[in-house]
Amino acid sequence: MAMHVPRAPGISQMFTEGTKHFSGLEEAICRNIEACVQLADTLRTTYGPYGMNKLIINHLEKMFVTSDAAVILSELEIQHPAAKLVVYASDMQEREVGDGTSFVIIFTGALLKNAEELLKMGLAPSEIIQGYELALEKTLEILPNLMCTEIKDVSNEEEAVKGIRTALMSKAYGTEDFLARLIAKACILVKPEHSAFNVDNVRVSKIVGCGIDSSSIIEGMVFKKMVEGDIQKVENATVAVYTCPFDSSQTETKGTVLIKSANELLNYSRGEETLLEQQIKDIADAGVKVIVSGGKFGDMAIHYLNKFGIMAVRLQSKFDVRRLCKTVGAVPIPKMTAPAKEELGFCDQVYVSEIGDTAVVVFKQENKQSRISTIVIRGSTDSLMDEFSRAIDDGVNNFKALTQDGRLVPGAGATEIELAKQISKYGETLPGLEQYSVKKFADALESLPKALAENAGLKSNEIISKLYAAHQEGDRSVGVDIEGEHSVKNVEQVGILDLYITKHWAIKNAANVAATILRVDQIIMSKQAGGPKAKPAGGVDPDDD
């Protein structure tokens, strides 16, 4: 007699208790689409020069007031797995180009929203994905033909400003011309002749007071602190950098000393002082004029540094110590000894200055060897300066992108409308069901100029109609005019230009992540483990060695 084996009541029988399982069109695909569309709607209002700010208070109760999508997404701590995929695509855009993160989120949301309509019409996800892939391929084929100008010499300040200016409008509208010129100068100062441009070579220092128009560039590094000793200015300075505290050495073990007379007590303390004086004299004899330490300076050490005319600067951040070593060409020394010649760095000027009412130490390099420049931002509040700092970060990343690809395309939604027009025509030539998803891809491209218009308080449908009418007549550079009377204008003539490489990667990343999300038909979530939460992968503090 055969033994009867009862059938499992469902797929959940295979998993551990507490596992959640969703599958099918309504439970899995539509849920994923809904989460991603909600994320896109949240960030849609931040797009463009009139984009609104978000006020975010993170788990450490730190407050952020910003319209930067990268900062918003990093602080929101999104949990939904499909929405996380969109965040990863945005992060990839940030790493690849350094700009265009809002574009990726909004375009992905529009693609998925349109895909949901097609799913309800009866199309299979595979047919939608096939159409989106055809549309993406055609878009990347058309995009190079929309180029309106190319920057061939990024070392030319006027040329570089063209590529940087538009990226600053969304975060620093009204001051984009001043900031673009400031960023261009700072980047050209540190641009290497034959190697790749490094964005870390342009630093930002924020000092409260005055206004953004008072911001300036310093060739070298600026630290918001005072020197430890009395020496406040040194020219043609030889610099030694120590990672240890600069004080008399402490013994590793405790010791007991029997002192029988006052002379023995005097001789005991004098012996330590003599040793410390000899160490600092040896350092002075090596030609050192400035000592930078990652640890504290002892009172006796400062006394002897003043005696030998050596400036003392303390940096608490290990990251700043490493950056300064790179600037002056020094090697960090782990022990308080006289440095060898090859361990010393050189700086044209090291001096104490005052910006507003804030004391700063400036390491100024007047030659090309420093490869570090600092933009000193002035502003009335920390939140305002943080936003300008993010705008500068986008501008520096745009300069880096220009060194890789100098092609520019019309901005203000002009490129998206031209692409939508041509992709829609391409969809009409296709015989199969993929034509529907190709047309929906074209509709999704309209979401970006629509967001620009809506955030500026304009009637989006009316703007889109005017844009299509102008592009049908052959003017491919007509985009949204957010402040004029006519609501549309030729943006190439007024210098609103986007980087080709930004558009290329943003469209590619958005289409790829939309296809990935549409391919998911089941969500299986294991029960969360108890106990302390694991540290997130890759969360390395730059100050840690």
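Q: A crossing is left-handed if the near helix is turned anticlockwise from the far one by less than a right angle, and right-handed if it is turned clockwise. Which hand does the crossing of α4 and α13 have?

A: First, a caution: this is a predicted model. In it, α4 passes α13 in a right-handed crossing.

Q: What else describes how α4 and α13 pack?

A: Two packed helices are described by the angle between their axes and the distance between the axes. For α4 and helix α13 (residues 434–445), the angle is about 145 degrees. Their axes lie 9 Å apart.

Q: Which residues of α4 and α13 meet?

A: From α4 come Phe107, Ala110, Leu111, Asn114, Glu117, Leu118 and Met121. From α13 come Tyr436, Ser437, Lys440, Phe441, Asp443, Ala444 and Leu445. Sorted by class, this contact has 9 nonpolar, 2 polar and 3 charged residues.

Q: How do α4 and α5 pack?

A: Apply the angle and the distance again. Helix α4 (residues 101–121) and helix α5 (residues 125–142) pack at about 135 degrees, and their axes are 10 Å apart. Angles over 145 degrees count as roughly antiparallel, and 65 to 115 as roughly perpendicular. The α4–α5 pair is therefore oblique. α4 passes α5 in a right-handed crossing.

Q: Which residues make the contact of α4 with α5?

A: α4 supplies Leu111, Asn114, Ala115, Leu118 and Leu119. α5 supplies Pro125, Ile128 and Tyr132. By class, that gives 7 nonpolar, 1 polar and no charged residues.

Q: How many disulfides does the structure hold?

A: Look for paired cysteine sulfur atoms. Here there are 0 disulfides.

Q: Where does Lys162 sit, and what does it touch?

A: Take the element, then the accessibility, then the neighbours. Lys162 is in helix α6 (residues 157–169). Its relative accessible area is 38%, so it is partly exposed. Leaving out residues up to four places away in sequence, Lys162 touches Ile151, Leu408 and Leu497. Between Lys162 and Ala184, 22 residues apart in sequence, the C-alpha to C-alpha distance is 9.7 Å.

Q: What describes the protein as a whole?

A: Count elements, burial and contact range. The secondary structure comes to 16 helices and 17 strands. Of the 545 residues, 48% are buried. Among contacts between residues at least 6 apart in sequence, 75% join residues at least 24 apart.

Key. Residues are numbered from 1 along each chain as its sequence is written. This is a predicted model: local features need pLDDT of at least 70, side-chain atom pairs count only at pLDDT 80 or more; totals for chains, interfaces and linings use all residues. Side-chain values use heavy atoms; hydrogens and water are left out. Axes are lines fitted to C-alpha atoms, for helices over the stretch in contact, and angles run from 0 to 180 degrees between N-to-C directions. Helices (H or I, at least four residues) and strands (E, at least two) are DSSP runs, numbered from the N terminus. Angles under 35 degrees count as roughly parallel, over 145 as roughly antiparallel, 65 to 115 as roughly perpendicular and the rest as oblique. Contact means heavy atoms within 4.5 Å. Ala, Val, Leu, Ile, Met, Phe, Trp, Tyr, Cys and Pro count as nonpolar, Asp, Glu, Lys and Arg as charged, and the others, Gly among them, as polar. A disulfide is a pair of cysteine sulfur atoms within 2.5 Å. Buried means under 20% relative accessible area, exposed over 50%, partly exposed in between (1.4 Å probe, protein chains only).
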